[in-house]
Amino acid sequence: MEILKWSLLGSILSNLLPVLGSSLLFGGFANIGKERSLNRRQADVSICLLLLGILCHISAVASKGTIKNEENINSLGVLKLSRASAVIMLIAYIGGLLFEVKTHRQIFEQDEDSSEISSGDDDDATDAPVIGFTSAVIWLIGMTAVIAMLSNYIVTTIEEASESFGIPLRFISIVILPIVGNAAEHAGAVIFSFKNKIDITLGIALGSASQISMLVVPIVLIVSWANGIPMDLDFNLLETGTLVMTVIATAFALQDDKWHYLKGFNLVLSYVVIAVCFFTMKALPNK
């Protein structure tokens, strides 16, 4: 269960810091000496969802240290709080989807149109679809099946790999696996930032992070609940602290509607600090 939590946490961190940070960094190098504008509407929706998510995590961590009862009663209270929070997180994510897709769809469509006009017609040839809809669905189904088999292999071998290579299990779960898993998103986000399509880059990075935080995490918790597995939102103090600071750093980087390479540089360095921190942590997961 600890490894599962670390992997989910690492996916959120990698989308917000190295993916978004390197996109701003390399996109800023391509526009050196310039300060480009970005649209905060989509970023604000994702940041609000992420802030609600970290509130649920903080509540679980704080309640474990606040309740002064027996250990079993304490864990049961945190478990009930986490399950209720998971339901609220799912409702919030569905509300965010309705906001973007249904009730305020025209706002985001206007943003996409203005972004396309500002980027010019030079990329029309490169924006042509490579494969059709049916082919894309077939490829997605096939790759999903392959990834499911590989994931099962990783779960059964990750602890042995950690011992044989001498790398902390926490570092592998939080840093290495999410970076490899997000390689495609990472490349796509950087390419779009080079083309000055920063709104698409924000959609990739922030959208993926909010999806994992507000959809995947509560679904995993509810599935565990249905199978009688006690999973809560307590990701431990250090992990929760890094998640809180990551969301705050990302929010501050996007608060003024402008982007340049320095903001991306700071986000990437923040991830380096987190990676070093978890690499030096030799603690094993609790049985």
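**Figure 1. Overall view of the predicted model and its surface.** The accessible surface of the protein chain comes to about 15,700 Å², and carbon and sulfur atoms hold 67% of that area. The model shown here, like every close-up that follows, is predicted. Of the 287 residues in the protein chain, 40% count as buried. The protein chain contains 10 helices and two strands, which follow one another along the sequence in the pattern α-β-α-α-α-α-α-α-α-α-β-α. Among the contacts in the protein chain with a separation of 6 or more, 86% are accounted for by residues 24 or more positions apart.

**Figure 2. Close-up of the largest pocket.** The largest pocket has a volume of about 1,000 Å³. It is lined by 28 residues, of which Ser7, Ser11, Ser151, Ile154 and Leu177 are the closest to its centre. Two or more lining residues come from each of helix H1 (2-30), helix H5 (133-165), helix H6 (169-181) and helix H8 (198-226), and H5 gives the most, with 10 residues. Sorted by class, the lining of the largest pocket consists of 15 nonpolar, 10 polar and three charged residues.

**Figure 3. Close-up of the aromatic pair Phe171 and Phe279.** A search of the whole structure finds two aromatic pairs, and one of them is formed by Phe171 and Phe279, whose ring centres are 5.1 Å apart and whose planes stand at 80 degrees, so that the pair is edge-to-face. Because Phe171 lies in helix H6 and Phe279 in helix H10 (residues 261-280), the pair ties together parts that are 108 residues apart in sequence. Phe171 is buried, with a relative accessible area of 14%, whereas Phe279, with a relative accessible area of 38%, is partly exposed.

**Figure 4. Close-up of the loop that holds Asn196.** Asn196 is found in the loop between helix H7 (183-194) and H8, and its phi is near 65 degrees, a positive value in a residue other than glycine. Most residues other than glycine have a negative phi. With a relative accessibility of 29%, Asn196 counts as partly exposed.

**Figure 5. Close-up of the loop that holds Asn236.** The loop between H8 and helix H9 (237-253) contains Asn236, a residue other than glycine whose phi is positive, near 75 degrees. Asn236 has a relative accessible area of 23% and is partly exposed.

Note on methods: Residues numbered from 1 in each chain as written. Predicted model: local features only at pLDDT ≥ 70, side-chain atom pairs only at ≥ 80, totals over all residues. Heavy atoms only, no water. Helix = DSSP H or I, 4+ residues; strand = E, 2+ residues; numbered from the N terminus. Buried < 20%, exposed > 50% of the residue type's maximum accessible area, 1.4 Å probe, protein only. Contact = heavy atoms within 4.5 Å. Areas by Shrake-Rupley, 256 points an atom, 1.4 Å probe, with all protein chains shown as cover. 1 Å grid on protein atoms, 1.4 Å probe; cavity = no way out; pocket = protein on both sides within 12 Å on 5 of 7 lines; lining within 4 Å. Points joined across faces, edges and corners; volume = space filled by probe spheres on them. Nonpolar A, V, L, I, M, F, W, Y, C, P; charged D, E, K, R; others polar. Phe/Tyr/Trp six-rings, centres within 6.5 Å; stacked < 30°, edge-to-face > 60°.
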